[in-house]
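Here is a short briefing on one protein model. Look over the sequence and the fold first, then read the points below.

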Amino acid sequence: MEEINNIQVVPCTDSDYLKPLTVHYNQNGTKKSWDYMRTHDSVSVLIFNTTSHCFVLVKQFRPAVYMCEWERGKSQSAKAAAAAAAEKKEEGEAEASEAQEGASSAGEGSSEWPPACAGVTYELCAGLVDKPDLSLEEIARQEVLEECGYDVPASKLKKITSYRSGVGVTGSKQTMFYAEVSDDNRVSAGGGEPKEGELIEVVKIPLHEAMTFAYNERIPKTMGVIFSFMWFHNNMAPRYKISTNV
């Protein structure tokens, strides 16, 4: 999962998953415009294994996260080079010129690529709503089977809520479900669909470590993980009389 090389960044001109558009409109008499992405809605599933009392998450490399980390590192390198140039200015104009050239090259993307782990995140099992002949529950069921290897009837999925995500850019809707599984439901190792470019590691988070995991900022995760763990603590933990270590 963490061997990433031959990186190339090119314009996105044709995609099955997103399309950049600009909308022009009037709001209260003022002309405005906004750039947005047309994308699919999605589903996500909080999976709780009642045999081992743990949550089942997926861990995968996200190119968008990786590139954001690279951009952040590039910006920091440029600032460091500029600071060095300012210090060198006191030592002589020639040396300052060399340092300034270093700052410019850093700003143009000369910084090294970060390690692949910079783009790895922990997430709920999730997938796109791109099968019009299936219900949301059926799509969620397929994702649980493909990504995590558990065969759960669609009727056993409990809807938690739905919400808008990326409202400044996409505004797509995600519907979140809750699924209880046991070791008896495990029919495969999961890992996603390789033909769809998925490379997923199934990860188990013990219940008593859940909230510590959720609030640990050093562990890259989605907001869905944090929210769903909090939902479980408020709604399910009292039923089981178990602690989520809050």
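Helices (H or I, at least four residues) and strands (E, at least two) are DSSP runs, numbered from the N terminus. This is a predicted model: local features need pLDDT of at least 70, side-chain atom pairs count only at pLDDT 80 or more, and totals for chains, interfaces and linings use all residues. Residues are numbered from 1 along each chain as its sequence is written, and side-chain values use heavy atoms, with hydrogens and water left out.

**Helix 3**
- Helix 3 spans residues 136–148, 13 residues in all.
- Its buried residues are Ile139, Ala140, Glu143, Val144, Glu147 and Cys148. Buried means under 20% relative accessible area, exposed over 50%, partly exposed in between (1.4 Å probe, protein chains only).
- Seen down the axis of helix 3, these residues fall within an arc of 140 degrees (taken from the directions from the helix axis to the C-beta atoms), so they line one face of the helix.
- They pack against five partners: strand 3 (42–49), strand 4 (54–61), strand 6 (125–128), strand 8 (172–181) and strand 9 (200–206).

**Trp34**
- Trp34 lies in strand 2 (residues 30–39).
- Trp34 is partly exposed, at 46% relative accessible area.

**Whole protein**
- The protein has six helices and nine strands.
- Of its 246 residues, 33% count as buried.
- Among contacts (heavy atoms within 4.5 Å) with a separation of 6 or more, 66% join residues 24 or more positions apart.

Notes
The expected span of a helix is 1.5 Å times one less than its number of residues.
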